[in-house]
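Subject: Structure for you to look over

Dear colleague,

I am passing on the structure we spoke about, with some notes on what was found in it. Please open it alongside this message and read the two together.

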Amino acid sequence: MYYLFQGLLLGLAYVAPIGTQNMFVINTALTQKRKRVLLTALIVCFFDITLAVACFYGVGALISTHPLIQLIVVGIGGLVVIWLGIGLIRSRSSLDTGVDTNIPIGKIITTACVVTWFNPHAIIDGSMLFGTYRATLPGNAGTMFIIGVSCASALWWFGMSTVVNLFRAKFTDKLLRIINIVCGIIIVFYGCKLLYSGIQLLQNMK
């Protein structure tokens with residue numbers, strides 16, 4: 001139970017910071033019906049858990065044992081994350097109730113896959129975080145740990161999307177704009193942090 005709880009706490013710390021995934025679910029919860037919101041949360045949760053498992057059992061080990069790959073991933077990932085953050089800051093999202101919210105399931109799946117598996121921030125953070133923790137866990141503790149991480153993902157996506165959807169009447173265009181700016185600034189910060197880490201890696205390789 002100790003490692004299950006440890007995975008739960010670390011999983012929440014990993015998934016909670018607002019980024020591309022969170023903004024996708026938040027915007028969905030603000031503009032779509034509850035049934036579609038819960039379906040979106042389920043799809044994002046699935047991709048999030050599969051990414052965490054992949055990072056835990058393989059990606060982290062691959063990157064950590066190959067400094068050159070780590071440098072390339074961190075460098076390119078940092079630039080992409082900054083670009084995503086700037087795009088979010090400049091975005092002009094609005095709560096248009098006239099927009100058709102009956103988005104095809106295929107589009108939801110595709111978008112959820114892109115914002116999760118093609119999100120350098122999530123891949124890099126997950127690889128470094130879970131890959132490192134896996135090396136410190138004794139015996140079969142890793143199984144309980146990753147189950148805890150998976151439970152954290154489910155709790156976050158279903159809980160957060162439900163709360164936002166229930167109180168979406170309190171949201172306005174101005175508030176959504178503020179959320180986008182704050183989230184964009186946070187993402188740019190993480191991108192700069194990744195670039196700084198890349199510079200440090202390059203210096204260590206010399």
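This is a predicted model: local features need pLDDT of at least 70, side-chain atom pairs count only at pLDDT 80 or more; totals for chains, interfaces and linings use all residues.

Residues are numbered from 1 along each chain as its sequence is written, and side-chain values use heavy atoms, with hydrogens and water left out.

The protein chain has eight helices and zero strands, where helices (H or I, at least four residues) and strands (E, at least two) are DSSP runs numbered from the N terminus. Of its 206 residues, 40% count as buried, meaning under 20% relative accessible area, with exposed being over 50% and partly exposed in between (1.4 Å probe, protein chains only). Among contacts (heavy atoms within 4.5 Å) between residues at least 6 apart in sequence, 91% join residues at least 24 apart.

Helix H1 (residues 2-15) and helix H7 (residues 141-166) have axes that come within 6 Å and cross at roughly 45°; axes are lines fitted to C-alpha atoms, for helices over the stretch in contact, and angles run from 0 to 180 degrees between N-to-C directions. H1 and H7 are therefore oblique to each other, given that angles under 35 degrees count as roughly parallel, over 145 as roughly antiparallel, 65 to 115 as roughly perpendicular and the rest as oblique. The residues that make this contact include Leu4, Leu8 and Leu12 of H1 and Met144, Phe145 and Trp156 of H7.

Helix H2 (residues 20-31) is mostly covered, since nine of its 12 residues are buried, among them Phe24, Val25 and Ile26. H2 packs against helix H5 (residues 105-117) at an angle of about 150°, with the axes 8 Å apart, and the two helices are therefore roughly antiparallel. On the H2 side, Thr20, Gln21 and Phe24 meet Ile108, Thr111, Ala112, Val115 and Thr116 of H5. By class, this contact has four nonpolar, four polar and no charged residues, where Ala, Val, Leu, Ile, Met, Phe, Trp, Tyr, Cys and Pro count as nonpolar, Asp, Glu, Lys and Arg as charged, and the others, Gly among them, as polar.

Finally, cysteine 192 lies in helix H8 (residues 173-205) and is partly exposed, with a relative accessible area of 40%. Cysteine 192 and glycine 75 are 117 residues apart in sequence, and their C-alpha atoms are 9.9 Å apart in space.

With best wishes
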